[in-house]
Amino acid sequence: MTMSADAAPTASVGSSKVVLVDSSTVVLGIETSCDETAAALVMGGDDVLSSVVSTQVDLHAQYGGVVPEIASRAHLELLNPIIARAIVEAGVPEQRIDAVACTVGPGLIGALLVGVSAAKALALVWDVPFIGVNHHEAHLYSAFLEDPTLEFPLVALIVSGGHTMLIEMQGHGRYRLLGRTIDDAAGEAFDKVARFLDLGYPGGPAIDRVALHGDPEAIRFPRAMLHDGLDFSFSGVKTSVINHVRKHPDVSAADVAASFQAAVVDVLVAKARRAADQVGAKGLVLGGGVAANSLLREQFLAACVDDGRHGFLPSRAMCTDNAAMIASAGWHRLRSDGPTPLDAGAVPNLRLDFLP
Amino acid sequence: MGGVLILGIETATAQVSVAIGGHEGVLGLFEVCRGRRHAETLIPAIEFVCRQAEIDLDEISAVAVDVGPGLVTGMRVGLAAGKAIAQARRVPMIGISSLDLLAFPLRHGGRPVAAIIDARKGEVFWACYLPVPGGVQRISEPAVGSIDDLVADLMARGNDMLFVGDGALRYREQLAEWLRGDFAEQFLAHPSSAPLVQLAHAKALREEWVNPWEIQPLYLRAPDAEINWSTRRTAAGTGGA
Ligand SMILES: [Zn+2]
């Protein structure tokens with residue numbers, strides 16, 4: 001390992017080894033928190049050498065949601081070949097791996113434990129640091145992977161099946177929670193509405209597809225709490241979709257999907273914009289699974305252009321769970337906090353540490 | 001150190017057990033049974049056993065794991081770690097059933113053995129064995145079922161038996177009510193990595209091993225397909241897209 005000029009902090013592993021964290025440090029990232037099994041090699045925090053993702057969506061589709069035990073079994077079967085492929089595709093020898101990072105939470109406990117156990121075992125065998133990574137933090141870092149020119153302070157809108165959050169990033173590892181959902185996550189509302197309309201699973205892409213053929217102004221669904229703070233609420237719009245369809249059974253599913261999507265996206269974009277104004281953010285970042293939604297991408301970017309703000313849209317591959325973002329967040333964590341002890345476990349309901 | 005060296009990893013029940021050994025027998029053994037801390041305990045335990053036995057992980061020739069049946073969450077911790085070590089060290093693996101590991105230490109008891117593991121949800125995993133020269137021979141396929149299923153199966157065999165395992169201890173009264181036999185000591189109630197290393201060593205000498213990606217867990221149960229929305233909500237799932 002080469003010495004860097006800016007005297008990067010060092011991290012000690014047990015008693016035997018000191019690792020300097022710099023632009024040549026290669027981190028193996030591992031992600032098994034939900035229904036994607038993924039491994040990636042990232043150098044210096046943002047240079048993706050390889051990123052391999054295997055999605056189990058077909059295994060779970062027939063149940064309309066992720067089945068924890070099926071996910072855990074699949075992770076155990078898939079993880080080794082996926083790690084092997086990530087190393088081969090990176091084109092670097094295994095000895096070049098300087099640290100192993102893995103999601104320790106939040107996620108499904110049985111699924112998380114497969115990755116955490118494998119990651120710690122590899123760290124032990126290779127005698128390199130292990131880094132436990134917060135999955136939410138990794139989603140924030142996926143933006144830096146694709147756009148290293150982003151500057152603090154940033155506001156990130158994280159929208160997934162599990163979460164809807166507005167986060168201010170003041171610096172690396174320095175977050176403030178500006179707003180969050182008080183009931184359903186946006187992605188959850190997509191799933192439930194899609195299921196109600198019989199559009200299939202996962203709900204996000206299904207609604208996105210059908211909405212293309214519908215009129216977003218056909219039905220005026222409520223925009224809950226639109227002018228009211230930075231928190232979100234999505235259970236109301238879901239209920240009014242259900243009520244509307246029950247009252248008008250002949251309504252076009254495409255119109256319902258388009259109108260529902262428009263209502264959700266309106267609120268998401270308006271609040272992200274207001275949050276960015278409030279903290280004087282230089283940039284606005286979109287993340288999480290719902291960031292793949294076409295209308296949200298379009299309106300998010302339009303709002304950034306209007307406000308003259310640096311907007312960032314992740315590529316669709318980076319919206320979904322992947323291990324490159326885990327390796328990237330791991331590199332930053334190793335630099336700031338050093339390694340995670342090998343007696344760490346998984347934390348299914350791990351939260352992000354927010355500044356007061 | 002010459003010869004074949006085996007790292008044994010055993011996490012299929014409430015116990016975490018790690019051993020290392022070869023033709024000289026078991027050289028190091030760590031066991032703790034405080035439940036639900038498999039992921040936290042296992043890797044430090046491997047590090048500790050190797051360091052105290054003065055063996056480098058570079059020296060091992062195979063990784064042996066308990067493939068179940070057992071409690072899936074703990075079992076997968078051992079399997080995931082064992083597979084990763086074997087893959088990184090480029091050594092083969094040897095999988096042995098938890099029930100075999102329970103029965104083997106009772107090979108000198110002169111009686112048939114029923115190995116019984118608590119499967120929770122009111123069920124048990126079990127299999128029956130006969131002592132034979134040098135070990136035990138399994139005479140029934142590993143099964144899962146209710147205590148009534150177990151009692152019915154064992155009654156049909158009609159023997160004076162030795163019962164071993166955490167399932168035998170938990171359901172001691174029901175078993176004693178219907179069946180003739182004795183119960184093995186409490187310290188034998190969890191499968192141990194000591195017999196795992198011993199049995200795996202014999203297999204390794206015959207080169208009866210598999211590649212890490214070929215190792216098959218013995219679940220015996222179909223996955224519970226009930227979707228847990230509350231755990232899903234805490235997961236950073238991508239259900240929205
Ligand atoms: Zn995610």
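The model is predicted, so local features need pLDDT of at least 70 and side-chain atom pairs count only at pLDDT 80 or more, while totals for chains, interfaces and linings use all residues. Residues are numbered from 1 along each chain as its sequence is written, chains are lettered from A and ligands numbered from 1 in the order in which they are written, and side-chain values use heavy atoms, without hydrogens and water.

**Zinc site**
- The zinc ion has A:His135 (NE2), A:His139 (NE2) and A:Asp321 (OD) as its protein donors, 2.1 Å away; donors are N, O and S atoms within 2.8 Å of the metal (3.2 Å for Na, K and Ca), and water is not among the atoms, so sites may look incomplete.
- A:His135 sits in helix 4 (residues 135–146) of chain A and A:Asp321 in the loop between helix 10 (316–319) and helix 11 (324–337) of chain A, so the pair ties together parts 186 residues apart in sequence. Helices here are DSSP runs (H or I, at least four residues), numbered from the N terminus.
- Both A:His135 and A:Asp321 are buried, meaning under 20% relative accessible area (1.4 Å probe, protein chains only).

**Largest pocket**
- The largest pocket holds about 1000 Å³ of space. A pocket is an open set of points on a 1 Å grid over the protein atoms alone, with protein on both sides within 12 Å along at least five of seven lines, and lining residues have an atom within 4 Å of a point; a volume is the space filled by probe spheres set on the points, which are joined across faces, edges and corners.
- Of its 38 lining residues, A:Glu69, B:Arg36, B:Val72, B:Thr73 and B:Arg76 are closest to the centre.
- Helix 2 of chain B gives the largest share of this lining, five residues.

**Cavities**
- There are three cavities of 30 Å³ or more; in a cavity, a 1.4 Å probe fits but cannot get out.
- The second largest cavity, about 40 Å³ in volume, takes the largest share of its lining, three residues, from helix 8 of chain A.

**Helix 6 of chain A**
- Buried residues of helix 6 (residues 203–211) of chain A include A:Gly203, A:Ile207 and A:Ala211.

**Cysteines**
- Over all chains there are zero disulfides, a disulfide being a pair of cysteine sulfur atoms within 2.5 Å.
- For A:Cys34, the nearest cysteine sulfur is that of A:Cys102, 14 Å away.
- A:Cys34 is buried at 1% relative accessibility, and B:Cys128 is buried at 0%.

Note on methods: Buried means under 20% relative accessible area, exposed over 50%, partly exposed in between (1.4 Å probe, protein chains only). Helices (H or I, at least four residues) and strands (E, at least two) are DSSP runs, numbered from the N terminus.
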